[in-house]
Amino acid sequence: MQKPSILFTGIFGAFAVSLGAMVLIPHSQLASLQPQVQWDEGANSPSDVYPQKRSVVGRDVYVAEGCFYCHTQQVRDPQYGPDMERGWGSRRTVARDYLYEDVPLLGSQRLGPDLANFGWTVKVTQKDGTEKTVSMWRDEHEDDPKKPAERNERWIYKHLFNPRAIFTDSKCPPYRFFFEKKEIGEKPSPNAVETDGKFEYVPTHEAERLADYLLSLDRTHELKESPTVIKPKEAKK
Ligand code: HEC
């Protein structure tokens, strides 16, 4: 070996770069963090919001079916992507949003839209002074004539049974095994997704819990470390 100094500079350089990337930079970002006190105990506290409202069975179905392979549950800061412009949330998600989840379902790939705030609703005061709960606008394939804009249980059942009934070119797989074929009784069930006059397809218990879970996903309450960035836009009827 002619120049051992080059070898040692290389080895030293590799260690120095790793030390910088893995120790010094994270240290500069995280070292000053203080333990977070539940400053907002009350209406805004995550312990009020999670996980009591969430359907545990629905979450298990979500995990068992691998929905998290294609759907994330994390909203990025506007400087890293247009998540909020797509109506996926009003602020970025932070560690505290997952405080009560033993395994947070952050996901790693986005083949489909982010679901962190799929059930995002707000209360609005109507002209006559009464309040009503409305669901929020999401990236809605504006040009597609098929979709009803407001997400609710019936929307979810239709989408689960046949996503292409809602979006023409949907790549979301259909989950027909979540529906039971039943003979229609005196009148069709309110949640039936398809009927042929004699038989109808109705959601099973799993589908109902999954819908509960999806509609419970709302992490838009303001947190000190993640203030609201955009104002919600109401979904079309
Ligand atoms: C192979 C990837 C894939 C898997 C697995 C998958 N999805 Fe999807 N999903 C998509 C894609 C792509 C879209 C966007 C097209 C559409 O809306 O139909 C989507 C859309 C959706 C939407 C509509 C979101 C919106 O804002 O309009 C919901 C809800 C949804 N999926 C729920 C689920 C659930 C629940 C599961 C598991 C039971 C699941 N998906 C599994 C790919 C997937």
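User: How do the residues lining the largest pocket divide by class?
Analyst: The lining of the largest pocket divides into 17 nonpolar, 6 polar and 6 charged residues. Here Ala, Val, Leu, Ile, Met, Phe, Trp, Tyr, Cys and Pro count as nonpolar, Asp, Glu, Lys and Arg as charged, and the others, Gly among them, as polar. The model is predicted: local features need pLDDT of at least 70 and side-chain atom pairs pLDDT 80 or more, while totals for chains, interfaces and linings use all residues. Residues are numbered from 1 along each chain as its sequence is written, and side-chain values use heavy atoms, with hydrogens and water left out.

User: What volume does the largest pocket have, and which residues are closest to its centre?
Analyst: The largest pocket holds about 700 Å³ of space. Its lining has 29 residues, and those closest to the centre are H71, G112, P113, H159 and C172. A pocket is an open set of points on a 1 Å grid over the protein atoms alone, where a 1.4 Å probe fits, with protein on both sides within 12 Å along at least five of seven lines; lining residues have an atom within 4 Å of a point. Grid points are joined across faces, edges and corners, and the volume is the space filled by probe spheres set on the points.

User: Which element gives the most to that lining?
Analyst: Helix α4 gives the most to the lining of the largest pocket, with 4 residues. The elements that give two or more residues are α4 (153–161) and α5 (205–216). Helices (H or I, at least four residues) and strands (E, at least two) are DSSP runs, numbered from the N terminus.

User: Where does the ligand sit?
Analyst: The ligand sits in the largest pocket, in the sense that more than half of its atoms lie within 2 Å of the pocket's grid points. The ligand is surrounded by 20 residues, the closest being C67, C70, H71, S170 and C172; a residue counts as near if one of its heavy atoms lies within 4 Å. By class, this shell has 12 nonpolar, 4 polar and 4 charged residues.

User: What distances separate the ligand from the side chains of H71, H159 and S170?
Analyst: A polar side-chain atom of H71 is 2.8 Å from a nitrogen atom of the ligand. For H159, a side-chain N or O atom lies 2.8 Å from a ligand oxygen atom, and for S170 the distance from such an atom to a ligand oxygen is 2.3 Å. A polar contact is a pair of N or O atoms within 3.5 Å; within protein, one must be able to donate a hydrogen and the other to accept it, and residues adjacent in sequence count only if both atoms are side-chain atoms.

User: Changing topic: is D114 buried or exposed?
Analyst: D114 counts as buried because its relative accessibility is 0%; buried means under 20% relative accessible area, exposed over 50% and partly exposed in between (1.4 Å probe, protein chains only). D114 lies in the loop between α3 (56–64) and β1.

User: Which backbone nitrogens does the D114 side chain reach?
Analyst: The D114 side chain reaches the backbone nitrogen of A116 at 2.8 Å and that of Q73 at 3.5 Å.

User: And the second largest pocket: which residues lie nearest its centre?
Analyst: G119, W120, T121, T133 and L215 lie nearest the centre, among 20 lining residues. This pocket holds about 260 Å³ of space.
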